[in-house]
Amino acid sequence: MLSALLVLGGLGLVLGAVLGWAEVKFRVADDPLVEKIDAILPQTQCGQCGFPGCKPYAEAIAKGEAPINKCPPGGADGVKRLAELLGVDPPAADDMEHKPRAVAVIDENTCIGCTLCIQSCPVDAIVGASKQLHVILEKQCTGCELCLPPCPVDCIHMVVVKEDLATWKWRYPVHTLRRVA
Amino acid sequence: MEHYLLILIGTVFVNNIVMSKILGLCPFLGVSKKLETSIGMGAATTFVLTLASGASYLIDVYLLGPDLSYLRTLTFIVVIAGIVGFTEMFIKKTSPVLFRVLGIYLPLITTNCAVLGIPLLNAQAQSNFIESLLFGLGGALGFTLVLVLFAALRERLEAADVPKPFRGVSIAMITAGLMSLAFMGFAGLIR
Amino acid sequence: MSRTLHPFNGGIHPDDHKAESSAGLIQAMPLLARYVVPLSQHIGAPARPLVTAGDTVLKGQMIGAPEGYVSVGVHAPTSGRVIAVEPRPTPHPSGLYDLAVVIEADGEDRAVEFQPVPWRELDASSLRNRLREMGLAGLGGAVFPSYIKLNPGRSAVHTLILNAAECEPWITCDDRLMRERAAQVLEGAEVMRTLLGAAAILVGIEDNKPEAAQALRAAAAANTEVVAVPTLYPSGAAKQLTRLLTGIEVPSGGRSTDAGIQVFNAGTAYALWRALALGEPMISRIVTCTGHVARPGNWEVRLGAPVADLLAAAGGTLEGCSGEIVGGPMMGFELMDRAAPVTKAVNCILAKSPALFPAKPAALPCIRCGACARACPADLQPFEMYWFSRVRDFGKAQGYSLFDCIECGCCSHVCPSHIPLVDYFRFAKSEIWERERDKTASDEARRRHEFKTFRLEREKKEKAEKFAKAAEASKAKAEGAGAGDDPDAAKKKAILEAALARAAKAREGVTPKNTENLPPAVQREIAEIDARREQAEPPSDVNHG
């Protein structure tokens, strides 16, 4: 009886010591997973996920605090790639209607130059000064729509970016499989 | 020498731990969705299993002896749990993505019946130290081989036109069954 | 003729249908009333329009200037008046409109004075620049600016391969060109050879064009070897022809110049001769118009001539025409709009009929027979690429070297299940390109967001520091002036003064935010918009007064 206790107790002590040492030795300071998740997110910084930007959302996903299907700009494709990275089944993306890419445009005649939209733009894509007309840089605009609510005169609207020769894509081949049986 | 080689080949192909002993099915079906993950899981299991069979041999012979052999299962589980804990920390440090992807299956190596089964089979067969190690290594290599092959098949199945009722786990089970049949062919390898 | 050939794997033998259009001489298209000249006829950045509606132009006058490195000039095909610079249909599989200069011809066809270029006296760099301005781009189909390809850079080019294989069925424009103007083609090639510093010229021509090969041999100089290669599609693809003639395989992702080879199309060599010997910029090319038309043949077409007019010149399409293909039947694409013009990239207009091009039967599942892999001239495994492209697993498709696919169509041609394999590869490629673009955009957005966060942080800190300083100063002031007056009033006054000063300062220095680091184009745009606003609301100043 005593020997059995000694054997088990001794084993426990030895293993405990080894694990304690490993815990110290292999301590992980920060989570590099965040970077990988952040790289998949579309960086619109729109906050539709409920987090103030893409990085905080990535951190939340890495900690397991947020589901991966909260990013409408990333679309079903983004969810799929996140699921692949994290090795989980992609959740049903039913609440994720994918909007075509759009950019914000300021109506020159209505803008009063209040600078409110400039402050709200997460990527500094709006140029202007107080009492001066503001302009949105089309190339830099991520289409996050964060500038729409602050505008006091509703002079900003979203314009869908049309396909041109540079961005045109070959469509998925439409071919129907012939029924054999 | 030939004896040891036979043990290795026999455990990897003929008496494959998954395909003919039907042990370790949980990770076999659980982490075979992606090739990279399965390779990681295979490596982790190989590490744990080889170490565990060596350590359990030593404990069984030198610590327990014939008097305390009723403690075998208990001590083996403790040892395996310790090694798995160590592996877990190591992987978390070296490959966080793999750690995340393996998820619950990593600590569950502890309860992988293959990992407990091989040391127990060793003790039952009264193998010597080298035999135990080789048995552990061979079993783990066999597990890895089958896991990787199966993962590659499943990746391909993702793109296949599988009839709706058979999608997902169902077709995976059918595939596993076919693979098991194929592995029976190895029985003719050693007379 | 003792050269050993190094056949590539795969390839197919489609019906060549060359006889229909190769019999007659190259004919000149009559002058049209209207030309639509797209500003983006080459790979790379579109040319910048130099004319606006109402301008008069002369034949050969530059109407689009090269913009950026990968770009060449665009020229007026005839004299006349510009009636619009606007999006027009283009010969592109999408059928999208693209910016084009529409010229109404005055019928006089007056040209700017063409000066032959004394190319022997010019140094290589300025000669290349001339070719860039003259709009020279490869006429084989990729329309890559020739002046870039003519710069050997650091690699030593030892052989210039002149691609005269013309392996696509139906097309005969290079065949006719070489039969009739072999000497000029070779003269152009000679300039190319000199620019590249190559030792020899190899002309690869399929053996189904004996007359053209004969003409070339008759005109060939000592350093030029005309090699007849077996007729096998796609021996006219650059990499395949290189391997066939020299045995050199250009590595995946590598450039042929690294292996000491440069390949040019025979038509490009002729265009280069025209540019230098006649001084005429690229305003015309030879186009085959064949298939279901009354008089198939080859025409010398001014660039910008609508396809409808070319079809009319060929006697019009026959009864039962079911659309046109731009290019050949293997690699070409459906023409969406007959108003689209002939551009530098168009080598053939092929009218279809159900008899000539019967509809493909519906596709069956892939049976993994491997016929496509045996037919693939690029040594790829099309069935694997298809397997993963089909389910949008682009990473894996790319793993099977999707981007080495030359889209020649051999796999689709031999597929017993009639799967349009190339369509899947094109789809997968453009999806991958889009991802790449999205990635670049999101990286840029991340960078800008991080900078904004950093800027806000910095401003906050600066403000806090300023505030602390001001508070300290006012405290000191209050303590110094203190005793006499009511301390409370003094404090209030100080705060009021500070606020007033701040407000005044703010009024003075309305410094526009975020206007640093703007490209000049955007700054110009802002200035323009400002000017417009001032015009739009002049009385606002009065109100202020």
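The legends below describe several close-up views of a predicted model.

Residues are numbered from 1 along each chain as its sequence is written, while chains are lettered from A and ligands numbered from 1 in the order in which they are written. Because the model is predicted, local features need pLDDT of at least 70 and side-chain atom pairs count only at pLDDT 80 or more, whereas totals for chains, interfaces and linings use all residues.

View 1. The predictor gives the complex an ipTM of 0.78 together with a pTM of 0.81.

**View 2. Chain B, built from helices.** Chain B has eight helices and zero strands, where helices (H or I, at least four residues) and strands (E, at least two) are DSSP runs, numbered from the N terminus. The radius of gyration of chain B, taken over C-alpha atoms, is 17 Å, close to the 16 Å that the globule rule gives for 191 residues, so chain B is as compact as a globular protein of that length; the rule itself is 2.2 Å times the number of residues to the power 0.38. Along the principal axes, the C-alpha atoms of chain B fill a box of roughly 60 × 45 × 30 Å. Of its 191 residues, 41% count as buried, a residue being buried if 20 or more other C-beta atoms lie within 10 Å of its own, exposed if 12 or fewer, and partly exposed in between, with C-beta atoms placed from the backbone. Among the contacts in chain B with a separation of 6 or more, 80% join residues 24 or more positions apart. The average pLDDT of chain B is 86; within this chain, confidence is lowest in helix 5 (residues 96–102), at a mean of 76, and highest in helix 7 (residues 129–158), at 91.

**View 3. Chain C as a whole.** The secondary structure of chain C comes to 16 helices and 17 strands. With a radius of gyration of 31 Å, well over the 24 Å that the globule rule gives for 545 residues, chain C is more spread out than a compact globule. Its C-alpha atoms fill a box of roughly 115 × 60 × 50 Å, taken along the principal axes, and 42% of the 545 residues count as buried.

**View 4. Strand 2 of chain C and its sheet.** An open sheet of four strands in chain C has the order 2-8-7-4, with antiparallel pairing, two strands being paired if DSSP finds at least two bridges between them. Strand 2 and strand 4 (56–57) are the edge strands, each pairing on one side only. Strand 2 (residues 34–38) of chain C is largely enclosed by the rest of the structure, because four of its five residues are buried.

**View 5. The six-stranded sheet of chain C.** A further open sheet of chain C has six strands in the order 1-14-13-17-15-16, with mixed pairing, and its edge strands are strand 1 (27–28) and strand 16 (333–334), each of which pairs on one side only. Within this sheet, strand 13 (residues 284–291) and strand 14 (residues 297–302) of chain C pair in the antiparallel sense over six bridges, and Cys289(C) stands opposite Gly297(C) in strand 14.

View 6. Domain 1 (19–31 + 113–326) and domain 2 (363–478) of chain C have bounds that come from an automatic or database domain assignment, and their centres, taken over C-alpha atoms, are 35 Å apart. Five residues of domain 1 of chain C are in contact with six residues of domain 2 of chain C. The side of domain 1 that touches domain 2 has three nonpolar, two polar and no charged residues, with Ala, Val, Leu, Ile, Met, Phe, Trp, Tyr, Cys and Pro counted as nonpolar, Asp, Glu, Lys and Arg as charged, and the others, Gly among them, as polar.

Methods. Two residues are in contact if their C-beta atoms, placed from the backbone, lie within 7 Å. pLDDT is the predictor's confidence in each residue, from 0 to 100.
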